[in-house]
Amino acid sequence: MPSINELGEKIRAAREEKAFSQSEVVEKLMEKGINMSRETLSKIENGNRSISAVELNALCSILGIDINSLFNEDDDLVTLFRKRNFSENTINEVGKLQDMIKVFIYQKKIYNGEFKPIKRKPLWEEC
């Protein structure tokens, strides 16, 4: 699991790769209904402020990155929020968001032809 500093560094790197200024990202967040100041984005990138699931999802959308790319393969958002002692209600909502993201990723792979169905024997032959 990345620390807040590592997460912030990855967000900054993605923003700089897209050649967006912090002000441009904040404007795009406003278009998505998220009110965040440039100073707050700076704090997130410097690891001085945590980021909510909603903010993270919007940032990933704006920066065109997969939210899973910000985390290690073994980590998921639910684990991250659970380790930070968020309420069960928040963790449940994050779990739903994570499931939706996984479905979108899976559907994108199907659409792009990246998913290959596994050839299996009929059930009556496997028994």
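User: Which helices do the buried residues of H1 pack against?

Analyst: Happy to start there! In this predicted model, the buried residues of H1 pack against helix H2 (22-31), helix H3 (38-45) and helix H4 (53-63).

User: And which residues of H1 are buried?

Analyst: They are Leu-7, Gly-8, Ile-11, Ala-14 and Arg-15. These residues cover an arc of only 125° around the axis, which puts them on the same side of H1.

User: How should I read a spacing like that in a helix?

Analyst: Here is the general idea. An α-helix has 3.6 residues a turn, so residues three or four places apart point the same way. In this structure, Leu-7, Ile-11 and Ala-14 are among the buried residues of H1.

User: What span should H1 have, going by its number of residues?

Analyst: Count 1.5 Å a residue: the 14 residues of H1 (residues 4-17) should span 20 Å, and the end C-alpha atoms are 20 Å apart, which agrees. Just after H1 comes Ala-19, with a positive phi of about 60°.

User: How do H1 and H3 cross?

Analyst: Look at two values, the approach and the angle. The axes of H1 and H3 come within 7 Å and cross at roughly 120°. An angle of 65 to 115 degrees would count as roughly perpendicular and one over 145 as roughly antiparallel; H1 and H3 are therefore oblique to each other. On the H1 side, the contact is made by Ile-4, Gly-8, Glu-9, Ile-11, Arg-12 and Arg-15. H3 contributes Leu-41, Ile-44 and Glu-45.

User: Which residues of H3 are buried, and what do they pack against?

Analyst: Thr-40, Leu-41, Ser-42, Ile-44 and Glu-45 are the buried ones, and they pack against H1, H2 and H4. After H3 you will find Gly-47, whose phi is positive, near 75°.

User: What does Leu-29 touch?

Analyst: Leaving out residues up to four places away in sequence, Leu-29 touches Ile-34, Met-36, Ala-58, Leu-59 and Ile-62. For Tyr-111, 82 residues apart from Leu-29 along the chain, the C-alpha separation is 28 Å.

User: What does UniProt list for residues 11-70?

Analyst: An unreviewed UniProt entry lists "domain: HTH cro/C1-type" for residues 11-70. In the model, that span is 60% helix and 0% strand, and its end C-alpha atoms lie 8 Å apart.

Notes. Residues numbered from 1 in each chain as written. Predicted model: local features only at pLDDT ≥ 70, side-chain atom pairs only at ≥ 80, totals over all residues. Heavy atoms only, no water. UniProt positions renumbered as here; feature names shortened; annotations may be inferred. Helix = DSSP H or I, 4+ residues; strand = E, 2+ residues; numbered from the N terminus. Expected span 1.5 Å × (residues − 1). Buried < 20%, exposed > 50% of the residue type's maximum accessible area, 1.4 Å probe, protein only. Arc of directions from axis to C-beta. Contact = heavy atoms within 4.5 Å. Axes fitted to C-alpha atoms, helices over the stretch in contact; angles between N-to-C directions. Parallel < 35°, antiparallel > 145°, perpendicular 65-115°, else oblique.
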